[in-house]
Amino acid sequence: MSALHPLAPDLWICRVPYWAMGMPLGRQLVVVRLPAGGLWVHSPVPMTPELRQELAALGDVRHVVGPNLWHDECLREFQAEHPHARFHAAPGLAAQKKDVRFDAELSDTPHPEWADVLDQHLVKGMPKMNEIVFFHRASRSLILADLAFNLGPDGPWWFALAMRAYGAWNRFGPTPLEKGMMRDRSAVRASIDHILAWDFDRILVGHGRNVDTDAKATFREAYAFLATAH
């Protein structure tokens, strides 16, 4: 069975089982092939023989992104597999993850090797997460880690029951946990507006189902509660 699944030219995903806080959240890695032929990897997942072989067939892993302060579990393993790749950390991640060698800190400015294909933005007002979101222009794909989840409709009954009670089942958007981390809602709203200015029609999420239709409208609706932020 293939590890990587193509979504568009030069864009692949890899979905794997993933448990956090005792819950089966799943997780997704995103791979973009850059103009020079190297690979850009977002949110590493555990390495398998299939993933190793398929990445090698696509090209050299040149850049690996730790997009926020939470998606850090597999960075060390990925660095052991790809010691010559450049690792990029969300603000604060390098201090938190000292067993990984980071070469640069992410900001609103893309690295020159991916500036022609990817835009990026540091979501303001959520310093406990400090997520960098990305936009792959050619495929019109917005790439998220934990800014929003899209869990359901499949899963254990107890998980569905718990997430439904939590207000995070079978719907795209931030969970109450992410909402609680919004320290400056006006700043978050400004970041959401920045993201909505991008011309995306697909959303790739770190956990759950991707949004393949009406993505911008879905994103806008999910953050409508910030419209009156002050």
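Visitor: What makes up the aromatic cluster here?
Guide: In this predicted model, one aromatic cluster is formed by Phe 172, Phe 200, Phe 219, Tyr 223 and Phe 225.

Visitor: Why is the pair of Phe 219 and Tyr 223 called tilted?
Guide: Their ring centres are 4.9 Å apart, and rings pair if the centres lie within 6.5 Å. The planes stand at 40 degrees; under 30 would count as stacked and over 60 as edge-to-face, so this pair is tilted.

Visitor: How do you know that Phe 219 is buried?
Guide: Buried means under 20% relative accessible area. Phe 219 comes in at 0%, so it counts as buried. Tyr 223 is buried as well, with a value of 0%.

Visitor: What makes the charged end of Lys 179 sit "over" a ring?
Guide: For Lys, NZ has to be within 6 Å of the ring centre and within 35 degrees of the ring normal. The charged end of Lys 179 is 4.5 Å from the centre of the Phe 225 ring and sits over that ring. Likewise, Lys 216 has its charged end over the ring of Phe 200, 5.5 Å from the centre.

Visitor: How many aromatic pairs are there?
Guide: The count comes to seven. Take Phe 135 and Trp 198: with centres 5.6 Å apart and planes at 10 degrees, the pair is stacked, because planes under 30 degrees apart count that way.

Visitor: What does the pair of Phe 135 and Trp 198 tie together?
Guide: Phe 135 lies in strand E11, while Trp 198 is in the loop between helix H6 and strand E13, so the pair ties together parts 63 residues apart in sequence. Both Phe 135 and Trp 198 are buried.

Conventions. Residues are numbered from 1 along each chain as its sequence is written. This is a predicted model: local features need pLDDT of at least 70, side-chain atom pairs count only at pLDDT 80 or more; totals for chains, interfaces and linings use all residues. Side-chain values use heavy atoms; hydrogens and water are left out. Rings of Phe, Tyr and Trp (its six-membered ring) pair if their centres lie within 6.5 Å; planes under 30 degrees apart count as stacked, over 60 as edge-to-face and the rest as tilted. Helices (H or I, at least four residues) and strands (E, at least two) are DSSP runs, numbered from the N terminus. Buried means under 20% relative accessible area, exposed over 50%, partly exposed in between (1.4 Å probe, protein chains only).
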